[in-house]
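Here are some notes for a colleague who is opening this structure for the first time. They are arranged as numbered points, each of which can be followed with the structure in view.

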Amino acid sequence: MLRKNDEITVTIERFGGEMGIAHLEGMTLFVQGALPEETVLARAQKVEKTHAFLKTLQVLSPSPARVEPPCPYYERCGGCVCQHMTYEETLTMKRERVRDALSRIGGLDVEVAPVIGMDDPWRYRNKTALPVGGQKGAPQIGFFAPRSHRIIDIEKCLITKEESDGVSLILRRWMEKFQVQPYQEETRTGLIRHIMSRVSRAGQVMAVVVAAANTLPHEHELIAMLRAGVPGLCSLYLNINRRGDNVILGPESRLLYGEERLEDTLCGLRYALSPQSFFQVNPVQTEKLYQTAVDFAGLTSGELAADLYCGAGTISLLLAQHARRVVGIEIVPQAIRDAEENARVNGVSNAEFHAAPAEELLPKLVAQGLRPDVVVLDPPRKGCEEPVLRAIAEAAPRRIVYVSCDPATLARDAKILCANGYRAEKCQPVDMFCWTGHVETVLSLSQQKPDDIIQVGIDLDDMDVTPAESKASYGEIKQYVLEHTGLKVSCLYIAQVKAKHGIIERDCYNKPKTEGNRVPLCPPGKEAAIEKALRHFQMIL
């Protein structure tokens, strides 16, 4: 039996995310740093009942796709995880990741096209946010080590713009010269928390110092040092963040020098960006990603399109070139202000934007009669909230284009949409984050017509299950609730919640054996957790 810290020799069968997968006595092994067809010596780091995580110690039989990582920080830094393989192999890995998620999680039968790669996959990031730690006079600026908040101090990063390296270098010198205190996450003391920079395609630079105070010591000296050391500097912001969590930017930013917004271009349009603006970090690949989304939308100038999680309006303005009208929704007010300004600057008059959570506003708009022909989704990594998916199903657009940075949540949400009358048609991954394990994916879903649906007759009495009961077992519901909420629920509670939603049980589970015994009612917190599980398994909407 495999135990933690055991060292074993395994042969890798295939990719599982960016890790290699092997098997041992019925147990699935996820091996960090290993490639398919390699034989490696690995050490067990975490062992569960059905699976384990291991780290490669020695490659005994290397794959032809294995290369020497060019970054000197690669083994310690958590930013990149794929530099030990060729770039072509990273594209293969990401395609398999998308294909596996859509099939295993979503149950979707859709062809996944080869990943659209980058001609030169280096120095592509136009935005960098680096945590700051260390001590007064000896700051540490870099990326976190894998699965930790331990900062790996770096001087340059091969996937960020060189201008960002220049900003970090000047901030380091300023902190050393004036003994500026780095922020201490454990004690919530100190001043400088993060250093962020944006770099436009024209070489303009916006520098943002994230600090736990309203002012910086020696502000004028910092401005002078940045102007002298960073060609193209157009603005310097102080962002104030006193929060006790891991959110990088606080709600307030104060301009210390230069222009309020950084102007950048994308797909022939101009965009004005503030520190809080969402803008994709790889402009070359973003153009390929957004063009794919527009192509999948299939607009022909007379339609109404809705762009949910629209950010600064990047996709909205592209859709507006092909649609009658575009409605964009985004939760961040500053991003909506940027979107409205971007529409004005680009002469787009058929796009309107709303600053509100999509899960709150979209159901209201649909109830008021909003019926878009096409819906474009570009949610954060957690995917769409359930009210958004339910509202989309009610609005019944003829096509949905889902842009996702997480194949797992994409597959989960697509499964729900397909259960509500849609069919996955096309899938195109794009390598936005070269050398990392992340991949962007565009999935096109079309509304099924009645003629497209094949009726299959199944006698549920012969199967001894109700339609909803066939979705998930009680054990699966219990496991889901435990994993996602930490709560333990009984079969009795599950049965009560199912009955509440019209899922009829043949008899009451765990019913008291004697007359007069009171049946305990499911507490509200556990009821909500069970309902979440039932929605996950598509047993209720």
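1. Is the crossing of helix 12 and helix 13 left-handed or right-handed? The crossing of these two helices is right-handed, and, as with everything that follows, this is read from a predicted model. Helix 12 covers residues 491–500 and helix 13 covers residues 524–536, and their axes come within 10 Å and cross at roughly 70°. Because angles of 65 to 115 degrees count as roughly perpendicular, helix 12 is described as roughly perpendicular to helix 13.

2. The residues that form this contact can be picked out on both sides: Tyr493, Ile494, Val497, Lys498 and Lys500 in helix 12 meet Lys526, Glu527, Ile530, Glu531 and Leu534 in helix 13. Sorted by class, the contact of helix 12 with helix 13 holds five nonpolar and five charged residues, with no polar ones.

3. Helix 13 also packs with helix 11 (residues 474–485), at an angle of about 115° and with the axes 9 Å apart, and these two helices are therefore roughly perpendicular to each other. The crossing in which helix 11 passes helix 13 is right-handed.

4. On the helix 11 side of that contact are Ile477, Tyr480, Val481, His484 and Thr485, which meet Ala529, Ile530, Lys532, Ala533, Leu534 and His536 in helix 13. By class, the contact of helix 11 with helix 13 has seven nonpolar residues, three polar and one charged.

5. The contact of helix 7 with helix 8 comprises, by class, nine nonpolar and two charged residues, and no polar ones.

6. Is glutamate 38 buried or exposed? Glutamate 38 lies in the loop between strand 4 (27–32) and strand 5 (39–47), and it counts as buried because its relative accessibility is 0%. Its side chain makes a polar contact with the side chain of arginine 66 at 2.7 Å, and the side chain of glutamate 38 also reaches the backbone nitrogen of leucine 35 at 2.9 Å. Once neighbours within four places in sequence are left aside, the residues in contact with glutamate 38 are Val10, Thr11, Ile12, Gly33, Val59, Ser61, Pro62, Ser63 and Arg66.

7. Serine 301, in the loop between helix 4 (283–297) and strand 16 (304–308), has a phi near 85°, which is a positive value in a residue other than glycine. Tyrosine 309, placed in the loop between strand 16 and helix 5 (314–320), is likewise not a glycine and has a positive phi of about 60°.

Key:
Residues are numbered from 1 along each chain as its sequence is written. This is a predicted model: local features need pLDDT of at least 70, side-chain atom pairs count only at pLDDT 80 or more; totals for chains, interfaces and linings use all residues. Side-chain values use heavy atoms; hydrogens and water are left out. Ala, Val, Leu, Ile, Met, Phe, Trp, Tyr, Cys and Pro count as nonpolar, Asp, Glu, Lys and Arg as charged, and the others, Gly among them, as polar. Helices (H or I, at least four residues) and strands (E, at least two) are DSSP runs, numbered from the N terminus. Buried means under 20% relative accessible area, exposed over 50%, partly exposed in between (1.4 Å probe, protein chains only). A polar contact is a pair of N or O atoms within 3.5 Å; within protein, one must be able to donate a hydrogen and the other to accept it, and residues adjacent in sequence count only if both atoms are side-chain atoms. Contact means heavy atoms within 4.5 Å. Axes are lines fitted to C-alpha atoms, for helices over the stretch in contact, and angles run from 0 to 180 degrees between N-to-C directions. Angles under 35 degrees count as roughly parallel, over 145 as roughly antiparallel, 65 to 115 as roughly perpendicular and the rest as oblique. A crossing is left-handed if the near helix is turned anticlockwise from the far one by less than a right angle, and right-handed if clockwise.
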